[in-house]
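Subject: Structure handover

Hello,

Here is the structure I promised to pass on. Please take a look, then read my notes below.

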Amino acid sequence: MASEADILAPGGAQPGTYYGCGLPYLSIENCPGKIIAIEGTDGIGRSTQIKLLREWLEVRGYGVVETGWTRSILMHPTIDLAKASNTLNKLTFVLLYAIDFADRLEKEIIPALKAGFIVLADRYIFTAIARARVRGVDRRWLRNLYDFAIVPHLVFYMKIGVDTLARRVLESRGMDFWESGMDMKLGDDIYDSFRTYQTKLLREYAALATEFNFRVVDARLPVNRIQQNLRSQIGAFLDAEPSARPTSTG
Ligand SMILES: Nc1ncnc2c1ncn2[C@@H]1O[C@H](COP(=O)(O)OP(=O)(O)OP(=O)(O)O)[C@@H](O)[C@H]1O
Ligand SMILES: [Mg+2]
């Protein structure tokens, strides 16, 4: 029999239920699907891992849906516009992101859960909370704002130090305005600003990791080692969840 520790999710709430009031017009009782969130800061390697996880899960016969920040059809153009002009108040930004999440929750995540899919979330509410906290938004207000979210079944946190992160981002696609926290006016030099901002952000992620009981993954390791770790934990979780088993092995 599962112990309480097994069935309680990050933050002590029941996975697959709403944190709070939820979307009052959408019942999510007894949905067979699962939400697996990969959290971690900018450029850390989330997409790389999610692509590999998706392939592995599909070969095992699971239906997979991916979701990620600012990808909602409703909010994507507005958020792009808001980022391009950078004239909005920080709370307005927070609310735009929350609407993006609400739209994806209703149109992508909940339908997928009802249909028994595995939802691979490329960041969940925690990134939005961490970014807002760094910008001084009230902790409790943020928790209440995201009360409509569903408690994920698994949250993996890809952990890294700022030195390795800065090197990885420089070697891949370089640093952009928002990932460097340039809106916070931490400095004129994008590299210095990136380091200062990401250090603050990593501190917030660390606090959230404790608060919500994330499964921490060492993101400094090579891609295949991280993937092995994720697969072994996800495989064990799914094997113990009869409702998540695929009906056909393909
Ligand atoms: N474990 C790893 N070790 C070294 N480099 C890695 C590792 N994982 C990913 N990378 C490289 O880091 C870069 C960013 O990876 P990826 O796009 O997966 O990150 P991301 O977290 O999805 O980034 P973004 O925040 O832009 O969405 C890529 O060039 C990728 O090849
Ligand atoms: Mg990515």
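Start with the ligand. Ligand 1 is surrounded by Asp 42, Gly 43, Ile 44, Gly 45, Arg 46, Ser 47, Thr 48, Arg 168, Ser 172, Pro 222, Val 223 and Ile 226. A residue counts as near a molecule if its C-beta atom, placed from the backbone, lies within 6 Å of it. Two elements give two or more residues to this shell: helix H2 (46-59) and helix H9 (223-239). H2 supplies the largest share, three residues. Helices here are DSSP runs (H or I, at least four residues), numbered from the N terminus. By class, the shell holds four nonpolar, five polar and three charged residues. Ala, Val, Leu, Ile, Met, Phe, Trp, Tyr, Cys and Pro count as nonpolar; Asp, Glu, Lys and Arg count as charged; the others, Gly among them, count as polar.

A word on the source. This is a predicted model: local features need pLDDT of at least 70, side-chain atom pairs count only at pLDDT 80 or more, and totals for chains, interfaces and linings use all residues. Residues are numbered from 1 along each chain as its sequence is written, while chains are lettered from A and ligands numbered from 1 in the order in which they are written.

Next, H2 and H9 again. Their axes come within 10 Å and cross at roughly 50°. Axes are lines fitted to C-alpha atoms, for helices over the stretch in contact, and angles run from 0 to 180 degrees between N-to-C directions. That angle makes H2 oblique to H9. (Under 35 degrees is roughly parallel, over 145 roughly antiparallel, 65 to 115 roughly perpendicular, and the rest oblique.) The contact is made by Thr 48, Gln 49, Leu 52, Leu 53 and Trp 56 of H2 and Val 223, Ile 226, Gln 227, Leu 230 and Arg 231 of H9. Contact means C-beta atoms, placed from the backbone, within 7 Å. Six of the contact residues are nonpolar, three polar and one charged.

Now a second pair. Helix H7 (residues 162-171) and helix H8 (residues 190-211) have axes that come within 10 Å and cross at roughly 125°. So H7 is oblique to H8. From H7, the contact uses Val 162, Leu 165 and Ala 166; from H8, Phe 194, Arg 195, Gln 198, Thr 199 and Leu 202.

Last, one residue. Lys 90 lies in helix H4 (residues 90-114). Not counting residues up to four places away in sequence, Lys 90 touches Arg 135 and Val 137. Lys 90 and Gly 63 are 27 residues apart in sequence and 37 Å apart in space, C-alpha to C-alpha.

Best wishes

Methods: Contact = placed C-beta atoms within 7 Å.
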